[in-house]
Amino acid sequence: MPVFKTPFNGYSVKFSPFYENRLAVATAQNFGIVGNGRLHVLELSPSAGPTPTPISELAAYDTADGVYDVAWSESHDNLIVAAIADGSVKLYDLALPPSANPIRSLHEHTREVQSADYNPVRRDSFITSSWDDTIKLWTLDRPTSVRTFKEHAYCVYGAVWNPRHGDVFASASGDCTVRIWDVREPGSTMIIPAHEFEILSCDWNKYDDCCIVTGSVDKSIKVWDVRSFRVPVSVLNGHGYAVRKVKFSPHRQSLLVSCSYDMSVCLWDYMVEDALVGRYDHHTEFAVGVDMSVLVDGLLASTGWDELVYVWQHGTDPRAP
């Protein structure tokens, strides 16, 4: 299976919604504490020729500070949003030469930008979340943010759009809550006290717009129905350390993937009793980024502090040649 070595520590990996063989990787030097960053755009090569290169680098962009997250545009196949440790949000256009990038640098957050997510419904907008406790809404045609959402009492580790409602998003925070927001409303529309420890990630189910998943420092993953959130729909235990990222499958309603500081990537079916359907222990350091391809069923990618990016098909060994 394809493996790519990055010069810095991996933080986030995202498959392109347009090309089934393309992915972006966010990396940061010195574990993201201090130093430079690099945004990689990688391409999976078809197994052709006598010595095929499984993964090749299509482009790389250096930044003065670490890159913590990436998001592909849902409307332009060459546009990428990067969340940077210096509080900036940078836009890159793969169609332009490296010297012309970034095409824009938006600097409003006052601390590290932890996440970026592109709106899949209203495809000209995206949100970013930051350690400054806020979420910001941006559109491509404006040089400043449209709105700032400030209710969380601590770092906002992730914010993600609802897959069907272009005005609705969820945010996960170190204040142990998930909040549901509607950009048409003055404040959050729902507060879910989802865990007793920091919540590092959340995601919406692609097939049920009332269903979200959360991952926490308490090592657990919880699935929630926002119509009745007093008790979680499911609690998934199996990670040995904090759950860094959770992501619902774009192909199956009950399937989700997680990665953790225990160095593992886990695949879960939250609707069955034995929910853990796959465990991958290929990383040798914290696993902090994971994604599932929208275009290829069962194709997974992960990255971590071991400076490696793995791409593999579920059911196969990520380390197998």
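Is valine 34 buried or exposed? Valine 34 has a relative accessibility of 56%, so it counts as exposed; the cut-offs put buried at under 20% relative accessible area, exposed at over 50% and partly exposed in between, with a 1.4 Å probe and protein chains only. The model here is a predicted one, in which local features need a pLDDT of at least 70 and side-chain atom pairs count only at pLDDT 80 or more, while totals for chains, interfaces and linings use all residues. Residues are numbered from 1 along each chain as its sequence is written, and side-chain values use heavy atoms, leaving out hydrogens and water.

Back to valine 34, then. This residue is found in the loop between strand 3 and strand 4, strands being DSSP runs of E with at least two residues and helices runs of H or I with at least four, numbered from the N terminus. Phenylalanine 31 is in the loop between strand 3 (22–28) and strand 4 (37–44) too, and with a relative accessible area of 35% it is partly exposed. Together with Ile33, Phe31 and Val34 make a nonpolar surface patch of about 320 Å². Such a patch takes in residues with over 30% relative accessible area and no salt bridge, nonpolar side chains (Val, Leu, Ile, Met, Phe, Trp, Tyr) being joined within 5 Å and like charges within 9 Å; the areas come from the Shrake-Rupley method with a 1.4 Å probe, and for residues only the protein chains shown count as cover. Between the C-alpha atoms of valine 34 and aspartate 306 there are 17 Å in space, against 272 residues in sequence.

On to the inside of the model. In soluble globular proteins, nonpolar side chains tend to be buried together. A nonpolar core is taken as a set of buried Ala, Val, Leu, Ile, Met, Phe, Trp, Tyr and Cys residues joined through side-chain atoms within 4.5 Å. The largest one has 16 residues, and Val178, Ile180, Ile192, Trp204, Ile212 and Val226 have the most contacts inside it. At least two residues of this core come from each of strand 15 (168–173), strand 16 (178–182), strand 17 (190–192) and strand 18 (199–204). Leaving aside residues up to four places away in sequence, valine 226 touches Ile180, Met190, Ile192, Trp204, Cys210 and Ile212, where a contact means heavy atoms within 4.5 Å. Another core, of 14 residues, lies apart from it and includes Val41, Tyr61, Ala82 and Tyr92.

Next come the charged pairs. A salt bridge is a side-chain nitrogen of Lys or Arg within 4 Å of a carboxyl oxygen of Asp or Glu, and by this rule the count comes to 17. One of them pairs lysine 136 with glutamate 108, at 3.3 Å from N to O. Lysine 136 sits in strand 12 (residues 135–139) and glutamate 108 in the loop between strand 9 and strand 10 (113–118), 28 residues apart. Lysine 136 is buried at 8%, whereas glutamate 108 is partly exposed at 27%. In another pair, aspartate 167 and arginine 122 have their closest N and O atoms 2.4 Å apart. Aspartate 167 is buried at 12% relative accessibility, while arginine 122, at 40%, is partly exposed.

The peptide bond from asparagine 101 to proline 102 is cis, with omega near 0°, and proline 102 lies in the loop between strand 8 (88–93) and strand 9 (104–107). Methionine 263 is not a glycine, yet has a positive phi of about 75°; this methionine is in the loop between strand 23 (255–260) and strand 24 (265–269). Lysine 219 likewise has a positive phi, near 80°, and lies in the loop between strand 19 (211–216) and strand 20 (221–225).
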